[in-house]
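Open the model in your viewer and show both cartoon and side chains. We will go from stop to stop, selecting as we go.

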Amino acid sequence: MSMKSLQVSDVSISYNGSLAIDKVNFDVEEGDLLGIVGPNGAGKTTLFRAILGLQNYSGVIKLFGLEGKKYHPLLPLVGYVSQKVNFEQNFPATVSEVVAMGILPEKKLHKNATVLQNCGCCWNRVYKKINKDSDKVLEALRTVNLESHKNKRIGELSGGELQRVFIAKALVKDPILLILDEPVTGVDVETQNKFYNVIKKINEENKITIVWSSHDLEAIAKFANRVACMNRKMFFHGQKEEFFSNKDLLKTYTESAMQIHMHHH
Amino acid sequence: MIFDIFAYAFMQKGLIVGAAIAIICSLMGTFLVLRRYSLFGDALAHMAFGGVSLGLFSGIYPLWTAYAVSILGALGMTKLRKSTKISGDAAIAVLLVSGLGVGVLLISATGGFSVDLFSFLFGSILLISNEDTILILGISAGVVSSLVLLRKQLLHLTFDEEQAKVSGLNVDRLNYVFVIIAGVTVITSMRLVGILLISALIVLPNITSMLLGKGFKQTIIASMSISVFSVVLGIILSYYFDLAPSGTIVMISVAILVATLCAKYLGLVGKAAPIAKTI
């Protein structure tokens, strides 16, 4: 039986009285590569922030079966790459140094491993022991194909490379769940495709459960195995094939996306 | 003989204490500059001015009152930033003027400027007592060890506060610890260049080293070296040319920065970053 990594039930979030997210339901099983599609302003980032404990919400969020604040001790093991990382462009740190920031102290790992074990997660994968921190960093950089850039200053990288560095930073802790919030915004199309392959590889080879948001329906169709479609409300959530065979759903999604766009402009 | 000066006890003390202060200022400065807190040192020093005046007014050793007032001020400012929408630079301005205001008020009540106050304003590294030497060396050791212990957390916090929070760091607590260490560093360093020039020691060597270093470690080592070099050379030059050590030290730091900028501009050091490739 596969374990549910994440369960989101009836989650609503409002800003100044208006609903940013309205009773959203979905869940993520271990090993999933879930693509969440939705236009800009659909509440994807807000939803992620709620999962990460950075945003108040009503409803229930469970991580490995632990509800609400109970799962907060596990949050350090969730890798999160935000849409835009605000960092000082001139920051004097090399790529390896930035990735190394993601390493969790041994003590914290022990504690988390115990919590995970208690809720039945395959904790031995989480507690995979690599001897040295520098080896962990190298391995993570290899996964995102950036090994050759390890000694570059962070400000010298392009946007796509930067996002991969941040993914590597999330990978060094062997995350139990990786959340990527529109990771390829502002990256050219060719680069995007290489990037998607990296995501796929992390999911298939490293066996890391991934929740990935995007407004690129095509990319989701190609790479994700499950799809959730939201625009304040969750319109659909299930197997990818089901989503793309349902013409009505596609139409609804496209129309609501249009509405939002018109609303914004 | 040029090395004669090292035979004087006041010179030895001055150089040793100066080097210690150079090290803690540059270490702390790296984090302050990167977090866009460059003027925080100045604000703390101005709070310290209020603290020193309070000490002179009440008859307590001014250094203690300076520590107390600055640390309380720094914590207050952090709280102010967190719980109101006042921006960082405005909060620094609030701290700065209130420290100065209290200081001026108390000084007028005490009966005007004294020699003691002048030494706090402009530094008096060569007049330092044995007790102060030991105190400063001890505190410096404390500051260095806390920064070494907290380096990973502080680096993460400085780079990306939100990510640091998600990785389970207690960001609020770390921020308070950070400003306390900053406060202690600034007050301890007052003896070297004085309240008015403290920012120079915190900011200048770090800006220079950020032009040179690639990684964080390199940058910190470069910054410490530049800082110690400026302080030692400044003290020696000021002795031979009969100048104020504080001004000499600061102007050497400025000269090093300008020279580095020129060298960089001419392409002599740290070749311009290669045009970033796409994947």
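How do the residues of the lining of the second largest pocket divide into nonpolar, polar and charged? Keep that in mind while you select them. This is a predicted model.

**Stop 1: the second largest pocket**

Start with B:Arg35, B:Tyr37, B:Arg81, B:Glu161 and B:Asn175. Of the 24 lining residues, these are the closest to the centre of the second largest pocket. The pocket has a volume of about 690 Å³. Now colour the helices of chain B. H3 (62-83), H4 (88-110), H7, H8 (161-166) and H9 each supply at least two lining residues. H9(B) gives the most, with 4 residues. Here is the reply to the opening question: 8 nonpolar, 5 polar and 11 charged.

**Stop 2: the largest pocket**

Next, select A:Ala100, B:Arg151, B:Lys152, B:Gln153 and B:Leu155. They lie nearest the centre of the largest pocket, which has 43 lining residues. About 1600 Å³ of space lies in this pocket. Chain A gives two or more lining residues from each of H2, H3 (106-118) and H5 (133-143). By class, the lining has 23 nonpolar, 10 polar and 10 charged residues.

**Stop 3: where the chains meet**

Colour the two chains apart. The contact takes 38 residues from chain A and 28 residues from chain B. About 2900 Å² is buried between them, and carbon and sulfur atoms give 58% of that area. Pick out A:Pro92, A:Met101 and A:Glu156. Together they supply 21% of the area that chain A buries against chain B, more than any other three residues.

Now zoom in on B:Glu162 and A:Arg49. Their side chains meet in a salt bridge, at 2.6 Å from N to O. The count between the chains is 2 salt bridges. There are also 9 residue pairs in polar contact across the interface. On the side of chain A that touches chain B, S6, H2 (95-100), H6 and H7 (189-204) each supply at least two residues. H6(A) gives the most, with 5 residues. By class, that side has 17 nonpolar, 7 polar and 14 charged residues.

**Stop 4: the cavity**

How many cavities of 30 Å³ or more does a search of the whole structure find? The search finds 1. To see the lining, select residues including A:Tyr80, A:Phe166, A:Lys169, B:His156 and B:Gln163. Strand S6 (78-81) and helix H6 (159-171) of chain A each give two or more lining residues. The largest share, 3 residues, comes from H6(A). The lining has 5 nonpolar, 4 polar and 2 charged residues.

Note on methods. Residues numbered from 1 in each chain as written. Chains lettered and ligands numbered in written order. Predicted model: local features only at pLDDT ≥ 70, side-chain atom pairs only at ≥ 80, totals over all residues. Heavy atoms only, no water. 1 Å grid on protein atoms, 1.4 Å probe; cavity = no way out; pocket = protein on both sides within 12 Å on 5 of 7 lines; lining within 4 Å. Points joined across faces, edges and corners; volume = space filled by probe spheres on them. Nonpolar A, V, L, I, M, F, W, Y, C, P; charged D, E, K, R; others polar. Contact = heavy atoms within 4.5 Å. Buried area = accessible area lost by both parts, 1.4 Å probe. Salt bridge = Lys/Arg side-chain N within 4 Å of Asp/Glu carboxyl O. Polar contact = N/O pair within 3.5 Å; in protein donor to acceptor, adjacent residues only side chain to side chain.
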